[in-house]
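Subject: Structure for you to look through

Hello,

Please find the structure below.

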Amino acid sequence: MGQIEWAMWANEQALASGLILITGGIVATAGQFTQWYFGAYSIAAGVFICLLEYPRGKRKKGSTMERCGQKYMTKVVKLFGPFSRNYYVRAILHLGLSVPAGFLLATILGTACLAISSGIYLLAATRGEQWTPIESKPKERPQVGATIKQPPSNPPPRPPAEARKKLSEEEEVATGVSSGPQENPIPVTDEVV
Amino acid sequence: MGNWVVNHWLSVLVLATWLGLNVFLFVHAFLLYEKADKYYYTREILGSALAWARASARCLNFNSMLILLPMCRNLLSFLRGTCSFCRCSLKKQLDHNLTFHKLVAYMICLHTAIHIIAHLFNFERYSSSRQATNGSLASVLSSLSQEEEGVSWLNPIKSPNMTVTYVTFTSIPGLTGVIITIALVLMVTSATEFIRRNYFEVFWYTHHVFIIYFIGLGIHGIGGIVRGQTEESIKENHPHRCAESFETWNDHNSHCKPPRFEGHPAESWKWILAPVVLYIFERILRFYRSQQQVVITKVVMHPSKVLELQMNKRGFSMEVGQYIFVNCPSISYLEWHPFTLTSGPEEDFFSIHIRAVGDWTENLLRTFEQQHSPVPRIQVDGPFGTASEDVFHYEVAMLVGAGIGVTPFASILKSIWYKFQHADHSLKTQTAGHAALNFDKATDILTGLKHKTFFGRPMWDNEFCTIATTHPKSVVGVFLCGPQALAKSLRKCCHQYSSLDPRKVQFFFNKENF
C-alpha cells in the first residue's frame, strides 16, 4: 500500500459528493419539500465543492491526467495557498460543509458521501500528502521527423561517445556491422520486407 | 463502414437487446403502477412518483442480476470452450465482458438516481398528507391505521410528528437503501479510470463492498412499504365506485367499506439469487485452481524493470493472446493481477513479462531480485481471453505494440516462428517482417528474434506506404495493443492507405484490449 495517494480517491469521492449534494438540493428546492432551504444551501455547497475539487492535484510519481479544462480552476485554487494545499484544512472543511445538509433527507446522502471523503482526506493528510497544482508545460513539441537529428549508425548496445568516435574512424576502414550481444537461438535471415 | 459492421454486429445486437429489455421492463412496471386499480388509492397520495420508483426498481433488479455475470471469468471460459464450433465473433463477444459490466453499472447508477428521487417525493407526499388537516381523500387514507383485522395501513408515516428522516432510518428499506447507495458510490468513485490505472489496490479492495450491496439489496424489500389494495377490499370498495364518497366510508349504511392494504413481499432476491450463487461458485473455483502448484522454471530480469517468469503448471494449455491472473501470497493474499502470456503455445513452459509500475509489481520485482533460496510461491488462474487467431488469417499482418503492450505480440510472433518450423499449413502468414520496437533502453529482448531498432516514433505514413507498395494486392491486418491516441492515428492511416479498389491492398484495423 506504499504508493497509494489517498488524496486522489478522496478527490473523486468529494467530486461525486458535490454532485450528489447538488442533485439532492435541486430535488428538495424544486419539490418545495419541508425545510427546503437546506436544499438551497446544499446546491450552493455542492457547487463550491465541485469547483474546489475539480482541479486534480499532481501525482507524486509519474504523469497526471488533467481533467478537461481544469487549468482555469487550478489558478483560482492555487490562490488560496496553504488553505488549498493542506489536506487537513480540506478534511475539516468538508466535514463542516456536510453537517447542514444532514438535516434534510434529500441531501443526507450527500452528507454521508462528503463525510467519507473528509475521512479519506484526513488519512491523506496524516500521511503527509499535499495538493500540488499541475502546471501547464510550454507547448513547443518539435515535429516527429525533426527529433531524429543524427540517428546512431550502429545498433545498440553502443559504447560511450568517446569510444564511439574512435570506432567510427576505424569503421570507415572496415565495414563490419556489429552483431550485437543477443544470441539468436536459431539463425534468422534478415529479410527486409 | 462495412468493416465496422462486420466486426461489431454482435455487440450492437447484444446492446440493443439489453437496452430493449430495460425499456420494456421499465415501461411495463410503470404502466402497472400508474394504471392499475390496485394502486389507485396509493396514487392518490403519491402521484406518479410511485410508478417511477417501482419502474426504476425493476430495472435495478434486472441490472443487478446482470452485473455479476460478466465477472464470472471461469464460466465465460467454459462457454467459450464449449462453443468451439461457434463462430469467432461469438467468442470475441465474451471478451467484452468488462465493457458490458461497466455499461450495466452506469445503468444501475442512473436507475438508482431515479429511484431515490422518486422515493424522496414519495416520502414527502406521505409526510404532508399525514399532516394535512383538510379532510381530503389523501388525509383520510393516511389516517387508516391499525384497524381491527390487523395491519391495513397505507401511509408508513404513523404520526404527524414523525419526520421522513426518522422513518427512513428506522425502517429496513430506508436503512438498507442508504447503505447500499453509499456502497455503490464508493464502488464507482474508486473505479474511475484514473484510480484504477494508478492505484489498483484502492479499486480492488473497495470494489468488494459489492458484497454489502447485494446483501442489502436482497433485504431491501422487506417491510412492505409499497402497498396496494387487497383483493377482497377491492370487492367491497372499488376505487372507481367509492373514491368520491370517501367521507362516508365509516358510515354503517355505506356501500363502501374503508379500503384495506397489503404490502409487497421482497422480490429482489428472486432476481439476484442465481447470479450470486454462480459468482460464489466462481470464486471457489478460482481459489481451487489457484491452489494447484505452479513451478517456476526460469526467472529473467530484463532492463527497464521488466521481470520475466517462465512457469509450468499441470494441465495448463494456452493459445496466443490469452492472459492469466497471478497472485503472490508473500506480497498480498488477496490481490490477483492480469498479465498477457508472452510464450507461444508450442513451448513447454508459459511465461509472462511483468513491468514494475505500482506497489504490487515493484514488490514482486524486489522479491525476485533478492534471490531467496526458496523462490516465492506464485498462484496462477487462467488462461482467459479469446485467442488472437485473427492474426494468422491475414497474409500480411502489422502488429503494433507500445511499451509493455508488445507482450501479446511476443506470443504471436513466437507462435508464428514455431509454426514455420513445423511447416504448419494453416498459417497464412508468408513471411515475418521487421518489427520496429521502441523502448527506452533498446536492448530488450522478448523473443530472441534479431531485429532492427529505429529511433523516435515510427512515421506511420512511411510504414503504411512501404507496405502498400510491397504488397499491392494483399489484405493487411493491423493489430494494436497500445494507447488510444495511437489507435486513432493507425485507424486514420488504415482508411487512408486502403485502396478504393477492393482487389488492391486493403488495411483492416483491429484494436485488441489485452
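In which strand of chain B does Pro383(B) lie? Pro383(B) is in β8, which covers residues 379-384.

Some background before the rest. This is a predicted model, in which local features need pLDDT of at least 70 and side-chain atom pairs count only at pLDDT 80 or more, while totals for chains, interfaces and linings use all residues. Residues are numbered from 1 along each chain as its sequence is written, chains are lettered from A and ligands numbered from 1 in the order in which they are written, and side-chain values use heavy atoms, with hydrogens and water left out.

The two chains

Chain A has eight helices and zero strands. Chain B has 19 helices and 11 strands.

Of the 193 residues of chain A, 38% are buried; for chain B the figure is 49% of 514 residues. Buried means under 20% relative accessible area, exposed means over 50%, and partly exposed is in between (1.4 Å probe, protein chains only).

The accessible surface of chain A is about 11,500 Å², and carbon and sulfur atoms account for 64% of it. Chain B exposes about 25,700 Å², with 61% from carbon and sulfur atoms. These areas come from the Shrake-Rupley method with a 1.4 Å probe; for residues, only the protein chains shown count as cover.

A contact means heavy atoms within 4.5 Å. In chain A, 72% of the contacts between residues at least 6 apart in sequence join residues at least 24 apart. In chain B, 73% of the contacts with a separation of 6 or more are between residues 24 or more positions apart.

The cores

A nonpolar core is a set of buried Ala, Val, Leu, Ile, Met, Phe, Trp, Tyr and Cys residues joined through side-chain atoms within 4.5 Å. In soluble globular proteins, nonpolar side chains tend to be buried together.

Which members of the largest nonpolar core touch the most other members? They are Tyr41(B), Ile45(B), Leu141(B), Leu154(B) and Trp249(B), in a core of 38 residues. Both chains contribute: the helices that each supply at least two residues include α1 (6-30) and α6 (105-126) of chain A, and α1 (2-35) and α6 (97-131) of chain B. Beyond its neighbours within four places in sequence, Leu141(B) is in contact with Tyr41(B), Glu44(B), Ile45(B), Leu154(B), Trp249(B), Pro259(B) and Phe261(B).

In α1(A), 21 of the 25 residues are buried. The end C-alpha atoms of α1(A) are 36 Å apart, which agrees with the 36 Å its 25 residues should span at 1.5 Å a residue. The expected span is 1.5 Å times one less than the number of residues.

Gln32(A) sits in the loop between α1 and α2 (37-53) of chain A and has a positive phi near 50 degrees, though it is not a glycine. Gln35(A) is also placed in the loop between α1 and α2 of chain A. Its phi is positive too, at about 55 degrees, and Gln35(A) is partly exposed, with a relative accessible area of 39%.

Helix α17 of chain B (residues 407-421) reaches 22 Å from its first C-alpha to its last, close to the expected 21 Å. Because 12 of its 15 residues are buried, α17(B) is largely enclosed by the rest of the structure. The buried ones include Phe409(B), Ile412(B) and Trp417(B). Among the elements that cover them are β6 (337-340) and β10 (475-481) of chain B.

On the surface

Ile172(B), Ile211(B), Ile215(B), Ile219(B) and Ile222(B) make a nonpolar patch of about 430 Å². Patch residues have over 30% relative accessible area and no salt bridge; like charges are joined within 9 Å, and nonpolar side chains (Val, Leu, Ile, Met, Phe, Trp, Tyr) within 5 Å. A salt bridge is a side-chain nitrogen of Lys or Arg within 4 Å of a carboxyl oxygen of Asp or Glu. Helix α12 (residues 210-220) of chain B gives the largest share, three residues. Ile215(B) is in that helix and is exposed, at 54% relative accessible area.

Regards

Terms used
Helices (H or I, at least four residues) and strands (E, at least two) are DSSP runs, numbered from the N terminus.
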